[in-house]
Amino acid sequence: MFFTVSILLAAVLILLYKIASIYHAADEIQAQLAEHMEMDTNTGIDISCADPKMKALAAGLDRQLKALRRKELVYTRGDAELKTAVTNISHDIRTPLTAVCGYLSLLKEENLTDAGAQYLGILENRVEALKELSEELFRYSVILSLDSYGEKEELSLAAVLEECIAGYYGAILKAGMRPEIRLTKNAVKRHLNRQAVSRIFSNIISNALKYSSGDLQISLDDGGTACFSNHAADMDTVQVGHLFDRFYTVESARSSTGLGLSIARMLTEEMNGKIRAEYREGVLYFYVWFPE
């Protein structure tokens, strides 16, 4: 009887030791997995447990991590090559465009028929749209490839917003709009990059100039949420859901490159902010918020 109890007790102790060893191995795997996901390392997952199942699990995770690392390197290399290609293409487009614009200016001085003058006007509009696209492609590639918005400072959101509105005020009035501006009197300060915030606000205002049916409302509340709204009769909820997509344009703005709002979203998220668009009862709303 004593012998049987001893055997059972030894078996229980062995089982408890094995369970404890497996638990410890699971903790090791979890810790090393988190470390490998955050760090750029090729070292494998090593556990102290001798259990074959746990060793097989660690080896399997190790293979998957190395495969994921290889794919990440391929993606990073390809992404860098794409950014370089976009930059080079935008540079290459600029040179012939400059020459085309020069010849168009010379052609305007020639005696043209009414039809020829009409065709020349169409051509000038298309060349201008192409110039805008090449410039925005270049700016987009610069934003993606360089840390040009890394420096931050304490700034007043109201002051930056006022500067952006002032910069676009002439274009807003030319478009026949009478903006309604409501900015909080309280100091709303955030530690952000001034150039990036200015570009975000400017891109949204520029978007309003394209889509607005004639009105524009801009507000900033005490919590630091900036709201831009305007009637946009030609839009719908489906189109609004794609406004932040790269190169997306809607029927009413074919001259747009579709990059402005994508850049705004990227810069906002880079500074841990939030940006969203809504469409309610014929009104397009943009909300931008940065945490304290």
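**Close-up views of a predicted model**

**View A. Serine 229 and its contacts.** Leaving aside residues up to four places away in sequence, serine 229 touches Asp215, Leu216, Gln217, Val283, Leu284 and Tyr285. Contact means heavy atoms within 4.5 Å. Serine 229 sits in strand 5. Helices (H or I, at least four residues) and strands (E, at least two) are DSSP runs, numbered from the N terminus. Serine 229 counts as buried, at 8% relative accessibility. Buried means under 20% relative accessible area, exposed over 50%, and partly exposed in between (1.4 Å probe, protein chains only).

The model is predicted: local features need pLDDT of at least 70, side-chain atom pairs count only at pLDDT 80 or more, and totals for chains, interfaces and linings use all residues. Residues are numbered from 1 along each chain as its sequence is written, and side-chain values use heavy atoms, with hydrogens and water left out.

View B. Helix 4 covers residues 157–174, 18 residues in all. From first C-alpha to last it reaches 26 Å, close to the 26 Å expected at 1.5 Å a residue. The expected span is 1.5 Å times one less than the number of residues. At tyrosine 168 helix 4 bends by about 50°. The bend is the angle between axes fitted to the seven residues ending at a residue and the seven starting there. Just after helix 4, glycine 176 takes a positive phi of about 80°.

**View C. The buried residues of helix 4.** Leu157, Ala158, Val160, Leu161, Cys164, Ile165 and Ile172 are buried in helix 4.

**View D. A salt-bridge network at arginine 194.** Glu153, Glu163 and Arg194 are linked in a network of salt bridges. A salt bridge is a side-chain nitrogen of Lys or Arg within 4 Å of a carboxyl oxygen of Asp or Glu. By this rule the count comes to 6. Glutamate 153 pairs with arginine 194, with the closest N and O atoms 3.9 Å apart. Glutamate 153 lies in strand 1 and arginine 194 in helix 5, so this pair ties together parts 41 residues apart in sequence. Arginine 194 also meets glutamate 163 in a salt bridge (3.8 Å, N to O). That pair links helix 5 to helix 4, with its residues 31 apart. Glutamate 153 is partly exposed, at 36% relative accessible area. Arginine 194 is partly exposed too, at 30%.

**View E. The salt bridge of glutamate 180 and arginine 182.** These two side chains meet in a salt bridge (3.9 Å, N to O). Glutamate 180 is partly exposed, at 42% relative accessibility. Arginine 182 is partly exposed, with a relative accessible area of 48%.

**View F. Helix 7 and the residue after it.** Helix 7 spans residues 260–270. Its buried residues are Gly260, Leu261, Ser262, Ile263, Ala264, Leu267 and Thr268. Just after helix 7, asparagine 272 takes a positive phi of about 65°.
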